[in-house]
Amino acid sequence: MIPKVFKEVIDLGDGREISIETGKLAKQAHGSVVVQSGKCMLLCTVVSNYKQSDVDFLPLTVDYREKFAAAGRYPGGFFKREARPSDGEVLTMRLVDRVLRPLFPKDYHAETQVMIQLMSHDPEVMPDAMAGLAASAAIQLSDFPFECAISEVRVGRLNGKFIINPSLSQLAECDIDMVIGASADSVMMVEGEMDEISEEEMTEAIKFAHEAIKVQCAAQIRLAEAFGKKEVREYEPEREDEELAKKIHDMAYDKVYAVAKAGSAKHERSASFSEIKDEITASFTEEEQADYGSLISKYYYKAEKAAVRDLTLNEGLRLDGRKTTDIRPIWCEVDYLPSTHGSAIFTRGETQALATVTLGTSRDANQIDMPSQEGEERFYLHYNFPPFSTGEARPIRGTSRREVGHGNLAQRALKGMVPEDCPYTVRVVSEVLESNGSSSMATVCSGTMALMDAGVQLKKPVSGIAMGLISDASTGKYAVLSDILGDEDHLGDMDFKVTGTADGITACQMDIKVKGLSYEILVNALKQARDGRLHILEKLTDTIAAPNADVKEHSPKMITRRIPNEFIGALIGPGGKVIQEMQKETETTIVINEDPVTEEGIVEILGVGNEGINAVMAKIDALLFKPEVGSVYEVKVIKMLDFGAVVEYIDAPGNEVLLHVSELAWERTENVSDVVNMGDVFDVKYFGIDPRTRKEKVSRKALLPKPEGFKERPPRDDKRRDDRRGNDRNRDRDRKPRRD
């Protein structure tokens, strides 16, 4: 039976379009769609259990995978099967999860899975930009309790013109790369990197993307209506007790307000809040506590959130006593770790990050091997968030999605400031040692200083700040918070992180939790963030004003040299013998790459000491040495022969040439040792290839004055000599016995 297929098409302009199709694949899933643009095809399926889980949160899993077969490739490595997700796949999962999760009801706790797979790849289409559209479209076809359709698009700006979902080649030339997630009514998520743009330019990009998202949301709704929109499933909601909620609010609100207004440190404040909660809990009998269950805690935290928000909106005060625009105290230090190539500590309030820099060759580049993207990163940043940074003890099970995402944000913030001609592969590692507020922005700040401490010639220093928003739709009041605490992140309506130089924004990450946030508030928030960034930037440059002029004494020095391709084999040697011996003798690392454009070899020489690097350079110079006809060179005798001396060029060790006995002196020379001896150093003149011997010719006597009365021997008659040789050959032939 031929399946009935339903399809909607979205016009992207410039002859590009996206189609959403359902009814053909994965029909046992609760919702499934195929989203296609060009040859790129994503299959998205969604399933949610009908039974609520015994947890107090939504167990939502968003999984995005790229199949190597989609690009006609085999997985790399020993096992030819896709395994754990790459960082690129994890980042796409986070982009989708952050928009979907807030749109499920807070009391919906059924196990839910959203699985997105790249089934066919098109090198001109970036699949991650369509993942959010695919997820939402599949959910619209299901019976999930989900607030509204959403979508995500990538927006780039090329030559001053905004583009929706640019290709990878276009994106390389864009000065804006942002992914925006939104519903038809509200922007919900922004993440991206920029080339020092203004706050107004960033807002214009968001507006442009939102218009495209509105079209995509409408297409999903049309598809769901054509397919036959299912009625929303019924589920057992969380128990509510309005009377209990009011009672706990009345008991907690004033006490929490007083503690919050006192302005205290994290642990002291947490202890005070815990005492209030314990006091309220103890006011109920054991039977009541058993009956109400988790409602007491739930309503207490609701009252706590209301009190803290009201304090900020009514009095402009925050949990630690600061005003809305205040930045916590900052102290910084560079060159803290003696053995690293660069290091820095950045501490802001109760958040601390220790960054290290390691310099290496192209062999140390981070390899990217995904069906949708191949290549390498010569600058990359890793972020580690151990449990002790928040005073917790919990299992460590590899790198979390959060660590991948925060590290990527800091990397995007800094990478545009690393000069294109930096010869090194640069790895930055941030160890978060304390956290109460944005540790990713602390990573940007410590990373900037560590790079400058390492001698990496950053174009400009970069700082970052985390901002928050508290608003009240009923009164129209709102407060933008600079340098938010961890608690303010949870209770606020928006948290966004902005990084940049003194001249503009380089990266951002934004999650908006309220509907209909006006662009006026967004611009005001971004401008307040700029003031905070510049304040922090001043603290960084007070600590280290500019990059160190050179790398540290114990850091590797690097020189890059280009050589013609025909010399690469000689430099490597048979089986790598020459280059391996050279590395061992000079205590250097030598990496050779080929430039397909110039057809040259790029030789990277990395070593701690200049002596070793200079020795390698000398060997390369010797390899490339080509004497010029008519030039004079200093040579040294390295071998004595009956018919001359073998000499080596002083400036090109390993390059030898025969100095014939007839070229030693103007007088007739019977013995070579009468004129030169082993180890003698003198000048010779280079004559190029001798046409008679077809060998290189050098002469010592050509640089000496002719003796008085010297007469040159007449040149030989080559014709007579050849005739004699011919006669001799005929005579020899006649003497040979003939076979009968």
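Where is the place of Asn165: in which loop, between which strand and which helix? Asn165 sits in the loop between strand E8 (161-164) and helix H3 (168-171). The model is predicted.

## Two residues with positive phi

Most residues other than glycine have a negative phi. Asn165 is not a glycine, yet its phi is positive, at about 50 degrees. Its relative accessibility is 11%, so Asn165 counts as buried. The cut-off for buried is under 20%.

Arg694 also has a positive phi, of about 60 degrees, and is not a glycine. Arg694 is in the loop between strand E28 (681-689) and strand E29 (696-699). Is Arg694 buried or exposed? Its relative accessible area is 73%, so Arg694 is exposed. Exposed means over 50%.

## Helix H5 and its partners

Two packed helices are described by the angle between their axes and the distance between the axes. Take helix H5 (residues 242-262) and helix H6 (residues 266-282). Their axes come within 10 Å and cross at roughly 160 degrees. H5 is therefore roughly antiparallel to H6, as that term covers angles over 145 degrees. The crossing of H5 and H6 is right-handed. On the H5 side, the contact is made by Ile248, Met251, Ala252, Lys255, Val256, Val259 and Ala260. On the H6 side, Arg269, Ser272, Phe273, Ile276, Glu279 and Ile280 take part. By class, this contact of H5 with H6 has 9 nonpolar, 1 polar and 3 charged residues.

H5 also packs with helix H8 (residues 295-315). The axes of H5 and H8 come within 7 Å and cross at roughly 45 degrees. That angle makes H5 oblique to H8. H5 passes H8 in a right-handed crossing. The residues of the contact of H5 with H8 divide into 17 nonpolar, 2 polar and 4 charged.

## Helices H9 and H10

How far apart are the axes of H9 and H10? The axes of helix H9 (residues 401-415) and helix H10 (residues 439-453) are 9 Å apart. The helices pack at an angle of about 45 degrees. H9 and H10 are therefore oblique to each other. H9 passes H10 in a right-handed crossing.

Which residues meet here? H9 brings Arg402, His406, Leu409, Ala410, Ala413 and Leu414. H10 brings Ser439, Ser440, Met441, Thr443, Val444, Gly447, Thr448 and Leu451. By class, the contact of H9 with H10 has 7 nonpolar, 6 polar and 1 charged residues.

UniProt lists Asp489 and Asp495 under "binding site", in an unreviewed entry. Asp489 lies in helix H11 (residues 486-491). Its relative accessibility is 26%, so Asp489 counts as partly exposed. Leaving out residues up to four places away in sequence, Asp489 touches Ile484, Asp495 and Lys513.

Asp495 lies in strand E20 (residues 494-501). Is Asp495 buried or exposed? Asp495 has a relative accessible area of 7%, so it is buried. Its neighbours within four places in sequence aside, Asp495 is in contact with Met467, Gly468, Ile484, Asp489, Gln509, Met510, Asp511 and Lys513.

Definitions and conventions: Residues numbered from 1 in each chain as written. Predicted model: local features only at pLDDT ≥ 70, side-chain atom pairs only at ≥ 80, totals over all residues. Heavy atoms only, no water. Axes fitted to C-alpha atoms, helices over the stretch in contact; angles between N-to-C directions. Helix = DSSP H or I, 4+ residues; strand = E, 2+ residues; numbered from the N terminus. Parallel < 35°, antiparallel > 145°, perpendicular 65-115°, else oblique. Left-handed = near helix turned anticlockwise from the far one by under 90°. Contact = heavy atoms within 4.5 Å. Nonpolar A, V, L, I, M, F, W, Y, C, P; charged D, E, K, R; others polar. UniProt positions renumbered as here; feature names shortened; annotations may be inferred. Buried < 20%, exposed > 50% of the residue type's maximum accessible area, 1.4 Å probe, protein only.
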